[in-house]
Amino acid sequence: MTVTATKPALFSAIKVGQHALHHRLVLAPLTRSRADPKSGVPSDDASVYYQQRATEGGLLITEATSISPSCGGYPGSPGIYSQDHIRAWKNVTTAVHEKKGVIFLQLWHPGRATFSFALPKTSATSDGKVAPVSASDIAIQGDSPFGMPYEKPRPLTVDEIKNIAQDFVQAAKKAIDAGFDGVEIHSANGYLLDQFINTSSNKRSDIYGGSIENRGRFPLQVVDAVSKAIGADRTAIRFSPYSGFQDMKDDTPVATWSYLVQQLEKTHPNLAYLHFVEPRVQLLDDGIDENDPAQDSDEHETLQYFRALWSGPFVSAGNYTYSAQSAYDRAESSPNNLVAVGRAFISNPDLVERFRNHLKLTPYNRNTFYSPGPEGYIDYPYYGAAN
Ligand SMILES: Cc1cc2nc3c(=O)[nH]c(=O)nc-3n(C[C@H](O)[C@H](O)[C@H](O)COP(=O)(O)O)c2cc1C
């Protein structure tokens with residue numbers, strides 16, 4: 001590890017797409033469920049929330065945002081397909097740009113992780129049934145956080161897959177209309193694109209199933225189409241190779257995601273960034289623990305395989321929430337690395353300054369992660385006000 005006394009790597013400049021960032025701390029994408037439950041229009045508080053977390057030359061990634069009315073979502077998750085969505089998001093991007101921040105919109109299709117109640121009647125098949133869609137007809141086991149069990153999804157046809165790739169394109173263009181600096185394609189955490197990648201959820205026998213090449217085809221096609229529409233330097237993608245969330249499991253994670261990164265390095269080396277979730281991220285613990293669980297590592301599960309294959313900016317997320325030191329160490333030890341922080345950024349709007357100055361963090365309250373209204377959303381204090 002090289003320690004630079006004057007300028008730690010975490011607070012040194014890096015170019016991401018068209019932007020010269022001033023530091024490498026990133027707001028991780030965080031669903032906060034405060035959009036209008038019927039329309040998916042972001043609330044006025046969303047502008048305040050993102051502006052509070054914006055810094056000059058700092059990158060923010062928004063919460064997962066539905067790309068079309070037919071993809072569904074969660075109660076209170078936002079969309080980017082109507083003029084009202086564009087108008088409301090424009091307030092957010094303007095608020096962030098006032099502080100000279102950079103903001104990417106996370107584009108989301110939940111696939112089998114949504115529910116028929118969130119899907120429009122127009123998405124019914126000829127037998128009148130409305131069901132979530134996926135790679136195969138395998139439901140997530142057990143009950144969802146919303147109380148009811150997950151539903152058995154309907155496997156997408158090849159034509160539908162092509163249409164969804166186009167929905168990503170339309171959503172990306174609308175994001176640019178709304179003033180976003182770029183988009184992050186959500187291909188992680190057990191949502192639609194991840195359901196195609198993982199062997200546990202993809203049992204197809206056509207060109208979208210079986211081999212690694214086939215399982216990687218859909219996300220790579222989405223990257224192709226989106227970067228053609230808005231530019232590779234405004235396009236990014238998120239992966240989570242080792243996540244078991246929502247029943248994800250791949251037989252050969254290192255080979256699978258290495259293939260994806262190699263393809264991206266070959267065909268789209270100018271993507272704004274690749275974003276990977278670290279192994280062993282546990283989202284169910286509470287409070288901020290100065291003992292960083294990421295240190296307790298299994299040498300076979302590491303992002304190093306993928307970092308080594310990518311020459312552009314590489315964002316890693318997961319468990320840097322527990323200590324500023326782990327973020328400093330990551331930035332020092334991996335060139336071109338940015339560090340995304342989730343939970344601690346919820347409860348510390350001025351997280352960048354707190355990490356810069358090694359200030360104490362405010363613990364987060366899990367009960368208000370997804371609750372409606374301003375509490376736990378825009379009322380966490382800045383350091384000076386808290387102490
Ligand atoms: C409340 C909450 C909402 C989240 N929503 C999203 C999301 O919309 N999209 C996504 O890719 N990840 C989402 N995540 C995962 C985070 O982006 C991040 O990977 C995770 O919190 C680990 O980082 P941390 O240890 O810094 O919290 C969410 C996590 C939390 C706690």
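Author: A cavity is a set of grid points where a 1.4 Å probe fits but cannot get out. The structure discussed here is a predicted model.

Reader: How many cavities of 30 Å³ or more does the count give?

Author: The count gives one cavity of 30 Å³ or more. The largest cavity holds about 40 Å³ of space.

Reader: Which residues line the largest cavity?

Author: Its lining consists of Arg34, Ala35, Pro42, Ser43, Ala46, Glu63, Pro78, Trp89 and Tyr377. Sorted by class, six of the lining residues are nonpolar, one is polar and two are charged.

Reader: What lies 2.6 Å from an oxygen atom of the ligand?

Author: For a polar contact, one looks for a pair of N or O atoms within 3.5 Å. At 2.6 Å from a ligand oxygen atom there is an N or O atom in the side chain of Arg238. Backbone atoms also take part: a polar backbone atom of Pro29 is 2.7 Å from an oxygen atom of the ligand, and a polar backbone atom of Ala64 is 3.1 Å from an oxygen atom of the ligand.

Reader: How much of the ligand's accessible area does the protein cover?

Author: On its own, the ligand has 610 Å² of accessible area, and the protein covers 95% of that area.

Terms used: Residues are numbered from 1 along each chain as its sequence is written. This is a predicted model: local features need pLDDT of at least 70, side-chain atom pairs count only at pLDDT 80 or more; totals for chains, interfaces and linings use all residues. Side-chain values use heavy atoms; hydrogens and water are left out. On a 1 Å grid over the protein atoms alone, a cavity is a set of points where a 1.4 Å probe fits but cannot get out, and a pocket is an open set with protein on both sides within 12 Å along at least five of seven lines; lining residues have an atom within 4 Å of a point. Grid points are joined across faces, edges and corners, and a volume is the space filled by probe spheres set on the points. Ala, Val, Leu, Ile, Met, Phe, Trp, Tyr, Cys and Pro count as nonpolar, Asp, Glu, Lys and Arg as charged, and the others, Gly among them, as polar. A polar contact is a pair of N or O atoms within 3.5 Å; within protein, one must be able to donate a hydrogen and the other to accept it, and residues adjacent in sequence count only if both atoms are side-chain atoms. Accessible areas come from the Shrake-Rupley method with a 1.4 Å probe; for residues, only the protein chains shown count as cover.
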